[in-house]
Amino acid sequence: MEINISEGLNLALFSLLLIIIEGSAAWWIAKNRRDMLGSFLVPATLIVFSLILWAVSRSFPDEDIGPIVIPQLWGTLIVVFCGYVILTIVRRKADVDPKTGNLKMLAVVVFLLLVYFFAMDIIGYFLSSFLFLGTLMYVLTYRNHKVIWSISAGWVLFSYLIFFKMLYIALPLGVIYETFFE
Amino acid sequence: MDLINNLLLGFSSLAGWQPILIIVAGVILGIIAGAMPGLSPSTAVALLVPFSYTMEPGMALILLTSIYIASNYGGSITAVLINTPGTPSAAVTTLDGYPLTQKGEAGKGLGTALVASTIGGAVGVLILILFAVPLAKIALQFSSADYFALALFGLATVASMGSGNIAKALIAILFGLLIKTIGIDPISGVSRFTFGMDELYDGFNLIPALIGLFAVSVVFAKVEEWKMGSKGLVEVSNKLPSFSEFWKIKMTILRSSVIGTIIGIFPGAGATIASFISYDVAKRSSKTPEQFGKGSLEGVAAAEGANSSSVGGALVPLLALGIPGSATDAVLLGAFMLHDLNPGPLLFRDSPEIVYGIFTSLILANIIMLILGLYGNRAFIKVVSVPAKIMYPMILAIAIIGSFAVNGSLFDVAACIGFGVIGWLFKRFGYPVAPVVLGIVLGKMIEENYRRAVMMHGYSSFFMDKVSLVMLSLAAISFIYPIIKQLRKKNK
């Protein structure tokens with residue numbers, strides 16, 4: 001279902017409004033219930049997500065038992081139950097957030113995973129997998145270099161033989177390879 | 001008498017070393033394919049169809065059905081060891097299988113999965129042999145309202161997964177259901193929430209979502225915990241459950257095998273729904289329901305017994321009526337046709353040696369699976385002895401290639417990473433991830449059958465039909481009862 005420009009603009013404004021409301025509520029929670037901020041953000045974000053989809057679904061054909069019915073039903077129920085969870089937070093009846101662990105390391109791992117994902121398209125699956133595995137093991141403070149690079153190479157060989165050669169899965173070879181060698 | 005004669009005919013077709021070798025090869029390939037995330041049983045069977053072309057029809061079908069039955073067990077290996085379900089139905093196995101590994105009892109988890117799979121597979125085949133034709137006819141009389149009621153009954157199992165907070169479990173399942181509405185509407189053909197992205201026309205694929213929610217999210221959580229020694233993930237024992245432990249769960253295995261077979265018979269229902277429902281029933285009837293989700297052998301047995309027995313159930317409509325009940329059955333149907341065979345009542349009359357050859361080979365495949373599994377488990381368990389700093393990058397690498405392998409699409413890889421982040425956040429703040437999978441699995445079945453039933457017969461169709469009415473009532477009871485129980489507990 002295509003959305004026209006004015007509908008798109010309205011949707012963008014509506015989404016912005018929802019995000020501002022969520023941000024303001026998060027600011028209030030951070031001030032008054034700091035130990036429950038994470039627990040608040042999950043249902044609040046789900047409400048925003050559901051309301052945006054709810055708004056988008058208004059562009060679907062409005063038929064009896066049409067494509068609009070079920071998404072709006074699920075969306076409404078999410079808003080209701082998330083609202084209930086938020087209420088328990090406001091009334092201090094919810095559990096406090098779990099202790100924060102090594103988020104810096106987690107951010108590095110997610111970042112590496114994203115770099116790996118984008119690199120696959122450019123330098124190809126095999127080289128990017130080799131580099132990703134080696135780098136991640138090193139980042140996770142494993143220091144036996146022989147093991148690091150032999151496992152990385154072993155995985156590349158395994159995926160080449162099993163997935164690429166035997167199962168004919170067209171793993172990305174990368175823009176560089178395709179430009180110069182194909 | 002006819003049945004016995006035909007079974008003897010089937011056994012005679014297995015005489016000689018060649019059929020046995022074919023079954024062994026099929027079981028090994030099935031276990032490997034099942035254990036590999038991204039390779040579903042249907043993909044594994046499809047990949048082998050061309051190789052079976054030059055084989056004699058009976059042997060070709062024996063190879064393919066052996067792969068089918070073993071791949072359902074194979075899915076449990078990675079589910080128990082690294083929380084990565086190799087097949088969608090093994091998602092339920094992770095709920096108790098992985099906690100067992102974390103407690104250092106991976107051997108018990110794998111052993112229970114193996115025995116439950118073997119018994120489940122055998123029960124499914126037995127029911128297939130005895131009642132294939134009449135059961136298939138009953139299943140085909142099911143209306144849209146009945147299917148909707150069956151799916152709703154499946155949804156009610158969410159009450160077993162809330163780990164104390166039903167509201168959060170409901171949010172998780174609703175999130176899965178909402179995610180499933182993305183893509184082309186199954187009835188009107190309207191594209192929903194695709195935002196012009198071609199990749200979203202078919203919605204999110206289940207496998208990348210599953211791998212992200214279960215495997216990637218666990219790696220994220222463990223990295224955040226940052227407890228990385230140079231030793232293995234956990235000290236694990238390859239000790240199998242004792243005979244008395246197996247004896248205690250005998251009823252769970254048998255019950256889940258029957259549930260799995262019955263649900264497997266309904267076209268489109270499948271192993272995943274069977275596992276969820278069986279897990280729910282096992283938890284409700286258990287003397288120790290509080291152990292579920294913490295490493296209960298009953299939980300592993302319920303999931304595995306059901307998903308393996310559903311194979312026999314799914315073969316009922318295929319063999320008896322020529323109607324494929326699952327994706328793998330559709331591939332098998334193609335294989336039958338490739339060999340100039342048409343599944344259906346005539347196949348029983350014209351080629352009983354093929355049909356009963358398949359039946360008897362399935363029994364043998366289960367026995368071979370048990371033997372190979374018992375020896376293989378010792379090797380599989382070594383996986384968790386690998387240091388965490390090596391294991392977690394490997395899990396991510398498997399997750400990436402597994403997601404990509406489904407459709408050969410980088411979009412699926414992105415979806416897997418996205419679901420990984422969602423899974424990590426959900427788990428961190430007490431939202432169970434299994435209901436998200438349940439929502440994604442059941443979403444289409446619920447919507448399609450609900451709308452179809454209302455369009456054809458109005459809202460009354462759900463209450464006029466006896467089967468639908470019974471199942472809706474059961475769904476309501478199984479949903480409301482745990483809530484009342486929880487409220488009572490709170491009031492005390």
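Modeller: Before we start, a residue is called buried here when its relative accessible area is under 20%, and please keep in mind that this is a predicted model.

Colleague: Fine. Which residues are buried in α5(A)?

Modeller: In α5(A) the buried residues are A:Y125, A:F126, A:S128, A:S129, A:F132, A:L133, A:G134, A:L136 and A:M137.

Colleague: How many residues does helix α5 of chain A have, and how far does it reach?

Modeller: Helix α5 of chain A, residues 125-139, has 15 residues and reaches 20 Å from its first C-alpha to its last, which is close to the 21 Å expected at 1.5 Å a residue. Just after α5(A) comes A:T141, whose phi is positive at about 70°.

Colleague: Is A:I65 buried or exposed?

Modeller: A:I65 has a relative accessible area of 7%, and therefore counts as buried. In chain B, B:F193 has a positive phi of about 55° without being a glycine, and B:F193 lies in the loop between β2 (191-192) and α9 (206-225). With a relative accessible area of 4%, B:F193 is buried.

Colleague: Switching topic, how do helix α12 and helix α19 of chain B cross?

Modeller: The axes of α12 (residues 270-285) and α19 (residues 434-457), both of chain B, come within 11 Å and cross at roughly 130°, and because of that angle α12(B) is oblique to α19(B). The crossing of α12(B) past α19(B) is left-handed.

Colleague: Which residues of α12(B) and α19(B) meet?

Modeller: From α12(B), B:T272, B:I273 and B:F276 meet B:A434, B:V437, B:L438, B:V441, B:L442 and B:M445 of α19(B). By class, this contact has eight nonpolar residues, one polar and no charged ones.

Colleague: Last one: where is B:P99 found, and what is it in contact with beyond its neighbours within four places in sequence?

Modeller: B:P99 is found in helix α5 of chain B, residues 91-102, and, with those neighbours left aside, B:P99 is in contact with B:T94, B:G293, B:K294 and B:G295. Its relative accessible area is 12%, so B:P99 is buried.

Definitions and conventions: Residues numbered from 1 in each chain as written. Chains lettered and ligands numbered in written order. Predicted model: local features only at pLDDT ≥ 70, side-chain atom pairs only at ≥ 80, totals over all residues. Heavy atoms only, no water. Helix = DSSP H or I, 4+ residues; strand = E, 2+ residues; numbered from the N terminus. Buried < 20%, exposed > 50% of the residue type's maximum accessible area, 1.4 Å probe, protein only. Contact = heavy atoms within 4.5 Å. Expected span 1.5 Å × (residues − 1). Axes fitted to C-alpha atoms, helices over the stretch in contact; angles between N-to-C directions. Parallel < 35°, antiparallel > 145°, perpendicular 65-115°, else oblique. Left-handed = near helix turned anticlockwise from the far one by under 90°. Nonpolar A, V, L, I, M, F, W, Y, C, P; charged D, E, K, R; others polar.
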